[in-house]
Amino acid sequence: MPLKDILILGFGSDILSDEGLAIQLVLDLKKKWDHLSDFNTYLTFSLDVIHDIAGYEKLIMIDTVEDVIVGNVNKFLLNEYKPTLHIKNYHDISLKQAIAYGKKIEIELPKNIELITVSIAEIGLIDDSFSKSLIQNYQRILFEVESLIYKTIFQPV
Amino acid sequence: MKQITIDPITRLEGHGKIEIFLDDAGGVENVYFQVPELRGFEKFCEGRPVEELPSIVTKICGVCPGCHHMGSGKAVDAVFGVEPPPTAKKLRELFYMAHFVHSHIAHFYALAAPDFVVGPDADPSKRNILGVIDVVGKEVGTEVIKQRRLAQEIQALLGGHQTHVVMNVPGGVRKGLTEEERGDIEKKAEGFIEFAKFSLKIFEDVVLNNEKYLDLILNGPYYMKLHSMGLVDKKNRVNFYDGKVRVVNTLGLEHCLYSPEEYQDYIAEHVEKWSYLKFPYLKKKGWKGFIDGEYSGVYTATPLSRLNAAVGMATPLANKEYIRMYDVLDCKPVHHTLAMHWARLIELLYAAERALELAQDTDITGKELRADVKGIVGEGVGIVEAQRGTLTHHYWTDERGIVTKANIIVGTTNNNAAICMSLKKAAQGFIKEGVEVNEGILNMIEMAFRAYDPCFSCATHNLPGEMPMVLNIRNKDGEIVRRILRTKN
């Protein structure tokens, strides 16, 4: 299978207020970079994602983490991975185990896997709009996420 | 009295906690299975236009969104007093069969197989799906992913999105199927059948042909006589999408057969202050507590209970396996908790065969996709079988169709009392004076509830779902003498 280039995934739920942040970020990134990358969104990480990421050179996953401060943006490599709100141990299969599973069955996985996390304070809140503090910080967060992704896109594998 | 707490419990959906109270002699006096999460999703439905609910409830959690979509869609049909045309019903059922294939494969290979293929008391670091692949081979691992993906593709095609399904509208479905798409699904369904047969063969080779495992199923502390519930067609055969709910008693005799809108005449819910999860029971039997036997009101709604409540499967290969299971176990109904794994694989075969039947049905590419909605009845109930048990959606609306009240009884909730009792039975069987409570024993206690494939994020309507569990062991004075926590991530 010829390698495609970049896949950007957002995790979260758009009816869980701030937990839908990564979904919105992916929608906004897609508007701008649709020609540069493929995009997709998921409620949670699962083993099925392994198939969807096959064939890409670079994978960027965006998810939220809980913190008292809203809007901290960080980037991690796979070996630095710590569970986020929606990329964790569902079905007893962690992200690392899923990657190991993919390797075991010889799926062609991305050489470069990065995780971008954004901190939010409110979790489990059922609402289809963001909290006030997240709305105030959204453009900055989008800019910081874009900057991190930009580096990845133009960084050789 | 000592106390054991298992937290987190692994390989389930949702957050739970097991408290085991020991007596002075070191035996198990009582076991509490708690779900320390708030149920609240029904409130979120209130105030919404009812036709929005089928697409909202798919976001209760990401584990079985298709079940909620179908149960909700049927309830919405009832609220509008409209019956979908045959093509729409068949498309819904076809979607649903793919959903079952997708889910049942995951349960067997990712959740159940580690206990049997790797071993119930194996090193926990190996007792997972990676360990399973090490034993059965990478080709099987590849097929697991492939077949799940193909099932997912069918769901995405028919449902509009693989997880956030938008298929159902009042009185039908949004889109139909082209001949080319039908042909593609037909080929996929043929593959599902082969994979289901292969999975049953693995179960036979690994479990049934292993004397130790067979003994564990038949003679281990995993046996309770409870009533069995399941949706059946007009011939009383298993049906996941449509029909009436049939309950047979512990002897296999029909206790009741009711239409969805009659469920409140037959089912009531008991509340315990120590759990957010309710305890449904058979109204005519009454709540008699956490006891098994014919006198009890406790029932199960699981793959095994679905088979128990029916007289057979509606497809030939699955029916053959159905007959074989009861022959081998030499009883009907079967009350062996771990036989749920076998029943689930028979259901996998049924779902695959039924998907093929539907894909080959000439009606499936029909153009009549929706019946006209003429008014609002104001109340409606939809029942389907979720992978984890009978799922009921019940909505009340005002004259504009705005939801004023919603009640959802999810599969796992039906089994709440049975899960508590199964855990107690397993704990009593394995924890005895002088026996060191090690990881293997804890896992064999967990196996009692894992068989139910419970989903607590859904049952409690907590968002988002988390999986972990705690096991506490308390002494006679209620003090924790041992706590076992598994890392949840």
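Where do A:E144 and A:R140 lie, and how many residues apart are they? I looked this pair up first. Both are in helix 4 (residues 132-153) of chain A, four residues apart, about one turn of the helix. I take helices (H or I, at least four residues) and strands (E, at least two) as DSSP runs, numbered from the N terminus.

**Basis.** I am working on a predicted model, where local features need pLDDT of at least 70 and side-chain atom pairs count only at pLDDT 80 or more, while totals for chains, interfaces and linings use all residues. Residues are numbered from 1 along each chain as its sequence is written, chains are lettered from A and ligands numbered from 1 in the order in which they are written, and side-chain values use heavy atoms, with hydrogens and water left out.

**Salt bridges.** I searched the whole structure and found 36 salt bridges over all chains. The term stands for a side-chain nitrogen of Lys or Arg within 4 Å of a carboxyl oxygen of Asp or Glu. A:E144 and A:R140 form one through their side chains, at 2.8 Å, N to O. I then checked accessibility, where buried means under 20% relative accessible area, exposed over 50%, and partly exposed in between (1.4 Å probe, protein chains only). A:E144 is partly exposed at 28%, and A:R140 is partly exposed at 32%.

B:R92 belongs to helix 4 (residues 86-118) and B:D77 to helix 3 (residues 65-79) of chain B, so the pair ties together parts that are 15 residues apart in sequence. B:R92 is buried at 0% relative accessibility, and B:D77 is buried at 4%.

I also looked up B:E186 and B:R182, whose side chains meet in a salt bridge (3.0 Å, N to O). Both lie in helix 7 (residues 179-208) of chain B, four residues apart. B:E186 is buried at 18%, and B:R182 is buried at 14%. Elsewhere, salt bridges that share partners join B:K74, B:E83, B:K89 and B:D242 into one network.

**One residue in a strand.** I picked A:I6, which sits in strand 1 (residues 4-11) of chain A. A:I6 is buried, with a relative accessible area of 2%. Which residues does A:I6 contact, leaving aside its neighbours within four places in sequence? With contact meaning heavy atoms within 4.5 Å, I listed A:L36, A:S37, A:D38, A:Y56, A:K58, A:I60 and A:I153.

**A sheet.** I found an open sheet of four strands in chain B, in the order 8-7-6-11, with mixed pairing. Strand 8 (254-258) and strand 11 (299-300) of chain B stand at the edges with a single partner strand each, so one side of each is left without a neighbour in the sheet. Two strands pair if DSSP finds at least two bridges between them. Strand 6 (residues 227-232) and strand 7 (residues 244-248) of chain B run antiparallel and are joined by five bridges. B:L231 stands opposite B:V245 in strand 7 of chain B.
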